[in-house]
Amino acid sequence: MTTTGFKVTGMTCGHCEMAVRSEVSKIAGVEQVDVSAATGVLVVTSDAPVEDAQVLAAVEEAGYDAVRVR
């Protein structure tokens, strides 16, 4: 398993979290998505490394911006 963290800006509520979770979950290989509007942290767990560009594009599709942090 691979875990990657991102900092997401612009989220303010549970609906924001749901939108990000929904888009990121569509990426092939993603097993778990943990996201918090309170902290702006997104943690993606996958069975194999997922390209940052895919996660960033999914977050953008949900209407937010993100950068990789770990």
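Residues are numbered from 1 along each chain as its sequence is written, and side-chain values use heavy atoms, with hydrogens and water left out. Since the model is predicted, local features need pLDDT of at least 70 and side-chain atom pairs count only at pLDDT 80 or more, while totals for chains, interfaces and linings use all residues.

To begin with the overall fold, the protein has two helices and four strands, where helices (H or I, at least four residues) and strands (E, at least two) are DSSP runs numbered from the N terminus. Along the sequence they follow the pattern β-α-β-β-α-β. The C-alpha atoms occupy a box of roughly 30 × 20 × 20 Å along the principal axes. For 70 residues, a compact globule would have a radius of gyration near 11 Å, and the 10 Å found here agrees with that; the radius is taken over C-alpha atoms, and the globule rule is 2.2 Å times the number of residues to the power 0.38. Of the contacts (heavy atoms within 4.5 Å) with a separation of 6 or more, 62% join residues 24 or more positions apart.

The UniProt record, an unreviewed entry, places the feature "domain: HMA" at residues 2-67. Its positions are given in the numbering used here, feature names are shortened, and annotations may be inferred rather than shown by experiment. This span is 35% helix and 36% strand, and its end C-alpha atoms lie 17 Å apart.

Turning to the interior, buried residues make up 40% of the 70 residues; buried means under 20% relative accessible area, exposed over 50%, and partly exposed in between (1.4 Å probe, protein chains only). The largest nonpolar core has 20 residues, and those with the most contacts inside it are Met11, Val20, Val24, Leu42, Val55, Val59 and Tyr64. Such a core is a set of buried Ala, Val, Leu, Ile, Met, Phe, Trp, Tyr and Cys residues joined through side-chain atoms within 4.5 Å. Two or more residues come from each of β1 (2-9), α1, β2 (30-36), β3 (41-46) and α2 (52-62), with α2 giving the largest share, four residues. Leaving aside residues up to four places away in sequence, Tyr64 touches Val8, Thr9, Gly10, Met11, Cys16, Ala19, Val20 and Val59.

Met11 is also among the residues touched by Glu17, together with Val35, Ser36, Ala37 and Ala38, again not counting residues up to four places away in sequence. Glu17 sits in helix α1 (residues 14-25). This residue is buried yet has no salt bridge, and the nearest side chain of opposite charge, Arg21, is 4.4 Å away. Here Lys and Arg count as positive and Asp and Glu as negative, while His and the chain ends are not counted.

The structure holds two salt bridges, each defined as a side-chain nitrogen of Lys or Arg within 4 Å of a carboxyl oxygen of Asp or Glu. In one, Glu23 pairs with Lys26, the closest N and O atoms being 3.3 Å apart. Glu23 is buried at 19% relative accessible area, whereas Lys26 is exposed at 58%. In the other, Arg68 pairs with Asp52 at 3.0 Å between the closest N and O atoms. This pair links distant parts of the chain, with Arg68 in strand β4 (residues 65-68) and Asp52 in helix α2, 16 residues apart. Arg68 is partly exposed at 44%, and Asp52 is partly exposed at 26%.
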